[in-house]
Amino acid sequence: MRLIAAACTLVIVAFVAVFGAILLHERTIADPAPVAQSGASTASAPASEPVATSPITTLAPAASRGGLLTQAPARPAAPAAAAPPAPTANASCPGNPNALGVGRVVEVDTTGGPGFGFEHFKSHDFLQPGEVVLSFDDGPWPRRTPAMLAALAEHCTKAIFFPVGKHAMWEPGIMKQVVAAGHAVGSHTWSHIDLSKKSTQEAKDEIEKGVSAVRWAAGGPTAPYFRFPALKHPPELITYMGQRNVAIFSTDFDSFDFKMRKPEQVRQAVMAKLKKFGKGIVLMHDFQQATAAAASDLLNDLKAGGYKVVFMKPKDSIKTIASYDELILKDQKLPTVSDRPTTSVIRTISE
Ligand SMILES: [Zn+2]
């Protein structure tokens with residue numbers, strides 16, 4: 001009897017087990033979605049493999065869709081940015097909640113060589129009250145230009161650089177950092193001489209060698225923007241820049257930072273003039289020690305003062321003149337056997 005009872009119990013247990021298994025199996029097939037959603041069971045993975053691969057293949061687009069959606073509400077904050085990416089600080093500067101950012105991006109059509117900067121050119125008054133264009137001359141220079149770049153990056157903001165051709169040839173690595181950071185790079189002659197004291201041909205040579213040198217050092221397209229050394233503008237060269245379709249940048253006010261030794265003086269000078277004029281294209285020098293040292297604090301001051309940076313993005317890049325491209329390389333080149341371009345000799349394979 002005991003044997004029969006034991007056998008019966010075994011049969012019942014076996015029946016319950018088999019029935020239960022069938023029930024479970026049916027549930028996992030019938031309800032893949034709840035299982036997948038709850039993430040409770042990876043055991044059903046083989047049954048839902050086709051389902052499982054689709055989240056993986058759609059993961060990136062889904063994620064990017066999510067990214068766009070989360071950005072979408074922030075977009076209306078920058079309606080003027082029909083032109084390329086220069087989102088406002090809060091959207092793109094997560095490490096710095098008090099970042100200056102870029103308030104507005106304007107695209108500049110340099111056809112005919114328009115002039116900017118009210119000290120000399122009055123025709124284009126495009127800045128609103130409180131708007132500032134940052135511009136830096138005479139670089140690139142070791143330590144100072146990188147310090148300036150670091151401060152600008154910390155604030156996710158953009159500026160225009162007007163490098164000297166010779167300096168660019170000496171520091172092509174720094175020049176490329178400026179370009180890589182997304183700033184506009186114009187030029188400022190080959191050797192920073194006062195063009196009003198030169199013959200027209202000599203002056204044109206200075207301008208074009210500077211353009212070619214900066215373009216070479218930048219290793220890519222540069223802006224059709226030019227600033228005359230010491231803001232001396234010989235009329236025939238204004239005409240020439242017009243024919244070259246290069247915009248001329250004077251300034252709305254000069255910081256005179258090159259006369260200053262202490263960063264505090266640069267800060268005070270810029271902020272005082274901004275307060276007086278209310279807006280403007282500011283001329284500073286990344287070449288200057290005091291300015292580079294003041295950069296971070298100055299950008300904080302601008303933010304605290306409620307100023308907005310406007311980035312002047314060139315519509316086109318500058319076209320260099322081939323004979324000057326050759327000239328600057330000939331001047332620089334030592335007589336080696338190889339004429340291969342650097343890009344075919346040195347190649348970055350890891351950064
Ligand atoms: Zn200069």
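In β9 (280-285), the bridge partner of Leu-134 is Val-282; helices (H or I, at least four residues) and strands (E, at least two) are DSSP runs, numbered from the N terminus. The model is a predicted one, with local features needing pLDDT of at least 70 and side-chain atom pairs counted only at pLDDT 80 or more, while totals for chains, interfaces and linings use all residues. Residues are numbered from 1 along each chain as its sequence is written.

Six bridges tie β3 to β9, and the two run parallel; strands count as paired if DSSP finds at least two bridges between them. β3 also runs parallel to β10 (residues 308-314), through two bridges, with Val-132 partnered by Val-309 there. Six of the seven residues of β3 are buried, so the strand is largely enclosed by the rest of the structure. Here, buried means 20 or more other C-beta atoms within 10 Å of a residue's own, exposed means 12 or fewer, and partly exposed falls in between, with C-beta atoms placed from the backbone.

Now to α11 (residues 263-277). Its buried residues are Pro-263, Val-266, Arg-267, Ala-269, Val-270 and Leu-274. They cover an arc of only 165° around the axis, which puts them on the same side of α11; the arc is that of the directions from the helix axis to the C-beta atoms. Ala-272, Lys-275 and Lys-276, on the other side, are exposed. After α11 comes Gly-278, with a positive phi near 85°.
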